[in-house]
Amino acid sequence: MVVGLTGGIGSGKSTVVRMFGELGVHWVDADDVAREVVEPGTPGLAEIVEHFGEDILTDEGTLDRAQLRQIVFANPEERTWLEALLHPMIREELIRQLRPGGYALPYVLLVSPLLLETDQHNLVSKIVVVDVPVETQIERTMARDTNERDQVERIIAAQMPREKRRERADAIIDNNRPMDDVERQVRELHEKFLVDFG
């Protein structure tokens, strides 16, 4: 079974998924896969360069993700073009990586910030939302990525609203609590999934 783990930017998905990982759960991060499909030498990167020009590359020949992010957040048509290119590539690679060989547990995790905004939710049978207040998202993201507040607010505005995400959840992990409490929530969910899917 595939369980989807999602949450807004800065909600602490990485922290939560590491806790699942420590319990032996196999997980695939859609953000990592999104980077893999545009690495140098991939068809994905070649098409992006053809569309946006050589300026979209860093001096090392890798994708300048910060520049691309600015372009697509300022221009909805470019964002639509990019998503139409990358989403099928990402989906195919996700499906491949979600089937590990010789794996004993009855479920794997698909970690994706855009699980509910894209068709990736069709790949999962349960949805876990990592949740924090919007102000916490803004503070954490500004501290982590040295983004300006207005840029972070634009990213949050482009994602599904917090309340809508919570409504779609089969389970919610409150990540606005002390770390040991978050670990307790993860352990309890893990035990539940072992029973549900076992």
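Biologist: What should I know before we start?
Modeller: The model is predicted, so local features need pLDDT of at least 70 and side-chain atom pairs count only at pLDDT 80 or more, while totals for chains, interfaces and linings use all residues. Residues are numbered from 1 along each chain as its sequence is written, and side-chain values use heavy atoms, with hydrogens and water left out.

Biologist: Where does H190 sit?
Modeller: In helix α9, residues 179–197. Helices here are DSSP runs of H or I with at least four residues, strands are runs of E with at least two, and numbering starts at the N terminus.

Biologist: Is H190 buried or exposed?
Modeller: Buried, with a relative accessible area of 5%. Buried means under 20% relative accessible area, exposed means over 50%, and partly exposed is in between, using a 1.4 Å probe and protein chains only.

Biologist: Which residues is H190 in contact with?
Modeller: Leaving aside neighbours within four places in sequence, H190 is in contact with F20, L23, V25, L105 and Y107. Contact means heavy atoms within 4.5 Å.

Biologist: Salt bridges next. How many does a search of the whole structure find?
Modeller: The search finds 13. The criterion is a side-chain nitrogen of Lys or Arg within 4 Å of a carboxyl oxygen of Asp or Glu.

Biologist: Which residue forms a salt bridge with K192?
Modeller: D196, with the closest N and O atoms 2.7 Å apart. K192 is partly exposed at 44%, and D196 is partly exposed at 38%.

Biologist: Which residues do shared partners join into one network?
Modeller: R177, D181, R184 and E188. Within it, D181 and R184 form a salt bridge with the closest N and O atoms 3.0 Å apart. D181 is buried at 14%, whereas R184 is partly exposed at 32%.

Biologist: And α7? What does R149 pair with there?
Modeller: R149 forms a salt bridge with E153, at 2.9 Å between the closest N and O atoms. Both lie in helix α7, four residues apart.

Biologist: Switching to α6. Which of its residues are buried?
Modeller: T136, Q137, I138 and T141. These buried residues pack against α7 and α8 (162–168).

Biologist: What comes just after α6?
Modeller: T146, which takes a positive phi of about 45 degrees.
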